[in-house]
Number of protein chains: 2
Amino acid sequence: MSRTKARAALLRELEEAMRRSSAQGVLYGQTVANVAGIANSDLECMDILYLEGRVTAGRLAEVTGLTTGAITGVVDRLEKAGLVRRERDEKDRRKVFISVVPETAMKIGQLYVPMQQAMEKVFGAYSDEELRLLLRFATEGYKGVLAATEALKGLLDTPPEKRPDLKLKKLRR
Amino acid sequence: MSRTKARAALLRELEEAMRRSSAQGVLYGQTVANVAGIANSDLECMDILYLEGRVTAGRLAEVTGLTTGAITGVVDRLEKAGLVRRERDEKDRRKVFISVVPETAMKIGQLYVPMQQAMEKVFGAYSDEELRLLLRFATEGYKGVLAATEALKGLLDTPPEKRPDLKLKKLRR
DNA sequence: GCTAAATCTCTTAGTGACTAAGATATATAT
DNA sequence: ATATATATCTTAGTCACTAAGAGATTTAGC
């Protein structure tokens, strides 16, 4: 097999492996939401709050791709569950900051323990240098996926009749 | 900083980077479903069909975690859109095999092009050997996540009063 | 072979999270 | 001041989901 062919095969394998593991990651998240008894989007928002800290409702809508109306519902449910708190911005009283309630949110965090343990075990097999390679990849991969998402969204904004036609026999009503 | 402390920091960074990129991956998928005009679960099933080939409705339910009733709806919609075909198993006539219609499904595949291009660009910066490391990691990572999911599900099956209590103030309803 | 139990998909009724559109409240610009 | 913009919430309606069970077929026990 030629060198470039071997590489192409490697890339295909890699792509599939990543697809599989990311699909399984989605399933893990679904299971967490299930066990916690909250909706999927609710958990996603908890995750964003964990990563970004105190953010506005609008920012949550932006990042999740949900409407602001949907976010109102998400925050209502999370607030009722005692997982987050609403705080009006004193500088700009239109804004509502959402922040996690650490004591309660911790309990959700517990559900990630099996995942963390599994990852610890996997990571254990790698040297520091190898881990740095993985970190570099994850960081660049994130940027790549972000850019790809933007590119795809751009496609959404071009008028439907000018898009690379899908001709899907009128999906959805 | 001690060596083990440096490694711990590295692991934390790595975990967060993976979390971010996988979250972004989820968003990419949502966008694909959006542009294609199909539901999220519908796309997830297309993905499974692509990876596993011809599978039964029951298997789809198993893998996605949806009820068989929900799968009936998914397959109805996908079939109407011309993306998949139902075929009764001639050996066991209770079973229904679902398989993609390649010509139509290709059009969905197109929506992954931006992602593939982004990944190609990222992968381009790595040597064959480095890619093999990434492949090894993705493969082992998949197994780890799968095991973690099972562990978490096991938790779901233990009677609620015996679970590490979440005490989430009666979520839902 | 025949009946009972098991297995697989589909149907039905009901529910919860979503969107679109617009209401409300506050901030900014002219 | 008034108009426009921004940020969140409200409302009505829709869609995909679950739970439960029906229908069709296969498997097991006798």
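I started with Asp76(B), which is partly exposed in this predicted model, with a relative accessible area of 36%. Its side chain meets that of Arg86(B) in a salt bridge, 2.9 Å from N to O. I then looked up where the two sit: Asp76(B) is in helix α4 of chain B and Arg86(B) in strand β2 of chain B, so the pair ties together parts ten residues apart in sequence. Arg86(B) is partly exposed as well, at 29% relative accessible area.

Next I turned to Arg77(B). Its side chain forms a salt bridge with Asp42(B), at 2.8 Å from N to O. This pair links distant parts of the chain, 35 residues apart: Asp42(B) belongs to helix α2 (residues 40-52) of chain B, and Arg77(B) to helix α4 (residues 68-80) of chain B. Is Asp42(B) buried or exposed? I found Asp42(B) buried, with a relative accessible area of 2%. Arg77(B), on the other hand, is partly exposed at 44%.

I noted Arg54(B) as partly exposed, with 45% relative accessible area. Glu87(B) also counts as partly exposed, at 27%.

Then I moved over to chain A. Which residues are linked there in a network of salt bridges? I found Glu52(A), Arg59(A) and Glu62(A).

Last, I checked the total: the count comes to 26 salt bridges over all chains.

Methods
Residues are numbered from 1 along each chain as its sequence is written. Chains are lettered from A and ligands numbered from 1 in the order in which they are written. This is a predicted model: local features need pLDDT of at least 70, side-chain atom pairs count only at pLDDT 80 or more; totals for chains, interfaces and linings use all residues. Side-chain values use heavy atoms; hydrogens and water are left out. A salt bridge is a side-chain nitrogen of Lys or Arg within 4 Å of a carboxyl oxygen of Asp or Glu. Helices (H or I, at least four residues) and strands (E, at least two) are DSSP runs, numbered from the N terminus. Buried means under 20% relative accessible area, exposed over 50%, partly exposed in between (1.4 Å probe, protein chains only).
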